[in-house]
Amino acid sequence: MELNSSRSLIVLRLSSALSALFTVIQAILIIIRVATGATLIGVHGMVGYLSLLSMITATIAAYVWFRKGGSKGLVMHAGGVAVLMLIQIGLGQAKVAPVHVALGIVIVLGAIALATLAYRKPGGAV
Ligand code: HEM
């Protein structure tokens with residue numbers, strides 16, 4: 001099967017896009033909470049676990065794709081964001097809000113960047 005249409009790349013694309021979507025939803029939930037005072041932290045936390053789960057899936061898919069000749073950079077990128085998400089969940093539960101919010105912005109951007117790379121140039125700059 002051609003490298004750029006292999007099943008592992010399709011899984012990587014879908015799971016990284018899903019994870020990026022979840023992180024954007026998390027940011028929107030916090031904005032709604034700040035704007036309206038609604039109690040949305042529980043939902044935000046639940047979506048956080050879904051973000052992590054889909055990023056772990058993306059990391060595994062990126063690794064399988066790398067073993068078939070794909071890019072190592074995407075494995076490192078997905079794995080790095082997954083580790084940041086683990087730290088982020090700890091910070092959220094420990095209620096270390098300022099660091100959590102700053103890291104949250106990095107994670108949202110990192111997850112969007114991963115999905116964009118996986119769709120547009122998964123093999124690198126070439
Ligand atoms: C821009 C992005 C984000 C913002 C602005 C944000 C903001 C917050 C805030 C303000 C809290 C409450 C802290 C407190 O009670 O003092 C919180 C809790 C939490 N956040 Fe985030 N967060 C973001 C992204 C994330 C991400 C990406 C994850 C996980 C991957 C995550 C997981 C959690 C968890 C598990 C909690 C604890 C929920 C609970 O107490 O039930 N957050 N977040």
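Predicted model: local features only at pLDDT ≥ 70, side-chain atom pairs only at ≥ 80, totals over all residues.
Local features are reported at pLDDT of at least 70 and side-chain atom pairs count only at pLDDT 80 or more, while totals for chains, interfaces and linings use all residues. Residues are numbered from 1 along each chain as its sequence is written.

The chain holds 4 helices and 0 strands. Helices (H or I, at least four residues) and strands (E, at least two) are DSSP runs, numbered from the N terminus. The order from the N terminus is α-α-α-α. The C-alpha trace spans about 50 × 20 × 20 Å along its principal axes. Among contacts with a separation of 6 or more, 69% join residues 24 or more positions apart. Two residues are in contact if their C-beta atoms, placed from the backbone, lie within 7 Å.

Buried residues make up 29% of the 126 residues. A residue is buried if 20 or more other C-beta atoms, placed from the backbone, lie within 10 Å of its own; 12 or fewer make it exposed, and values in between make it partly exposed.

Helix α1 has 30 residues and reaches 43 Å from its first C-alpha to its last, close to the expected 44 Å. The expected span is 1.5 Å times one less than the number of residues. Buried positions in α1 are Leu9, Leu12, Ser15, Ser16, Ser19, Ala20, Phe22, Thr23 and Gln26. These residues pack against α2, α3 and α4. Leu18 is also in α1. Leu18 counts as partly exposed because it has 19 C-beta neighbours inside 10 Å. Its C-alpha lies 9.3 Å from that of Ala111, 93 residues away in sequence. Gly37 follows α1 and has a positive phi, near 80°.

Helix α4 has 24 residues and reaches 34 Å, close to the 34 Å expected. Its buried residues are Gly104, Ile107, Gly110, Ala111, Leu114, Ala115, Leu117 and Ala118. They pack against α1, α2 and α3.

The largest nonpolar core has 21 residues. Such a core is a set of buried Ala, Val, Leu, Ile, Met, Phe, Trp, Tyr and Cys residues joined through C-beta atoms within 7 Å. Leu12, Met55, Ala62, Ala78, Val81 and Leu114 touch the most other members. Each of α1, α2, α3 and α4 supplies at least two residues of this core. Beyond its neighbours within four places in sequence, Leu12 is in contact with Ala58, Ala61, Ala62, Trp65, Leu74 and Ala118.

The shell around the ligand has 24 residues, of which Gly45, Gly48, Gly92, Lys95 and Gly104 come nearest. Helices α1 (7-36), α2 (41-67), α3 (72-93) and α4 (97-120) each give two or more residues to it. By class, the shell has 11 nonpolar, 12 polar and 1 charged residues. Ala, Val, Leu, Ile, Met, Phe, Trp, Tyr, Cys and Pro count as nonpolar, Asp, Glu, Lys and Arg as charged, and the others, Gly among them, as polar.

Lys95 lies in the loop between α3 and α4. Lys95 counts as exposed because it has 8 C-beta neighbours inside 10 Å. Its phi is positive, about 60°, although Lys95 is not a glycine. Most residues other than glycine have a negative phi.

Methods:
Near = placed C-beta within 6 Å.
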